[in-house]
Amino acid sequence: MGPSAMADIQDDCRAFCRPQCDGFSSDVCNTVTDIAPILKTLSFFPSTCKVRVSGLCSALCINICSLNTITPAPPAASPAPLPPPPPPPPCKPY
């Protein structure tokens with residue numbers, strides 16, 4: 001699988017993940033401001049929160065979505081068999 005195939009899969013993953021993560025980030029940030037209403041007084045919080053949560057979500061989602069793009073490694077060569085152990089010493093007569 002070459003770079004162009006990986007790019008296609010990542011584009012497909014982005015198309016799936018971005019809208020999902022945008023909705024998720026809105027829900028997360030709304031929940032956070034419901035838990036800590038003082039954050040509503042910070043004018044930058046809603047947009048900053050959505051951008052940051054969506055970015056983290058998208059990165060994770062795209063990584064998981066595109067896991068099957070890793071080219072499998074060639075099978076490992078089996079190691080050479082170990083030589084047989086030396087024979088035991090001869091018995092001593094008594």
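Colleague: In which helix is Ser 58 found?
Modeller: Ser 58 sits in helix α2. Helices here are DSSP runs of H or I, at least four residues long, and strands are runs of E, at least two, numbered from the N terminus. The model is predicted, so local features need pLDDT of at least 70 and side-chain atom pairs pLDDT 80 or more, while totals for chains, interfaces and linings use all residues. Residues count from 1 along each chain as its sequence is written, and side-chain values use heavy atoms, without hydrogens or water.

Colleague: Why is Ser 58 called buried?
Modeller: Its relative accessible area is 10%. Buried means under 20%, exposed over 50%, partly exposed in between, with a 1.4 Å probe and protein chains only. So Ser 58 is buried.

Colleague: What does Ser 58 touch, not counting residues up to four places away in sequence?
Modeller: Arg 18 and Cys 21. Contact means heavy atoms within 4.5 Å.

Colleague: Which other residues of α2 are buried?
Modeller: Among them are Phe 45, Cys 49, Val 53, Ser 54, Cys 57, Cys 61 and Ile 62. In the whole chain of 94 residues, 18% count as buried.

Colleague: How do you know that the span of α2 agrees with its residue count?
Modeller: The helix has 21 residues, and at 1.5 Å a residue it should span 30 Å. The expected span is 1.5 Å times one less than the number of residues. The end C-alpha atoms of α2 are 29 Å apart, so the two values agree.

Colleague: How many helices and strands does the chain have?
Modeller: Two helices and zero strands.

Colleague: Where does Ser 25 lie, and why is it counted as buried or exposed?
Modeller: Ser 25 is in helix α1. Its relative accessibility is 2%, so it counts as buried. Leaving aside neighbours within four places in sequence, Ser 25 is in contact with Lys 50, Val 53 and Ser 54.

Colleague: What makes up the largest nonpolar core?
Modeller: Six residues: Cys 13, Cys 17, Cys 21, Cys 57, Cys 61 and Ile 62. A core is a set of buried Ala, Val, Leu, Ile, Met, Phe, Trp, Tyr and Cys residues joined through side-chain atoms within 4.5 Å. The elements giving two or more residues to this core are α1 (3-35) and α2. Apart from it lies another core, of five residues, including Cys 29, Leu 39, Phe 45 and Val 53.

Colleague: What is Cys 17 in contact with, beyond its neighbours within four places in sequence?
Modeller: Cys 61, Ile 62 and Cys 65. Across the chain, residues 24 or more positions apart account for 75% of the contacts with a separation of 6 or more.

Colleague: What makes Asp 11 and Arg 14 a salt bridge?
Modeller: Their side chains meet at 3.1 Å, N to O. The rule asks for a side-chain nitrogen of Lys or Arg within 4 Å of a carboxyl oxygen of Asp or Glu, so the pair qualifies. Asp 11 and Arg 14 are three residues apart in helix α1, so about one helical turn separates them. Asp 11 is at 43% relative accessibility, so it counts as partly exposed. Arg 14, at 30%, also counts as partly exposed.

Colleague: How many salt bridges does the structure hold?
Modeller: Two. Asp 34 and Lys 40 also meet in a salt bridge, at 3.9 Å, N to O. Asp 34 counts as exposed because its relative accessibility is 54%. Lys 40 counts as exposed too, at 52%.

Colleague: Which residues form a nonpolar patch on the surface?
Modeller: Leu 60, Ile 64 and Leu 67, with about 310 Å² of accessible area together. Ile 64 belongs to helix α2 (residues 45-65).

Technical notes: Patches are made of residues with over 30% relative accessible area and no salt bridge: like charges are joined within 9 Å, nonpolar side chains (Val, Leu, Ile, Met, Phe, Trp, Tyr) within 5 Å. Accessible areas come from the Shrake-Rupley method with a 1.4 Å probe; for residues, only the protein chains shown count as cover.
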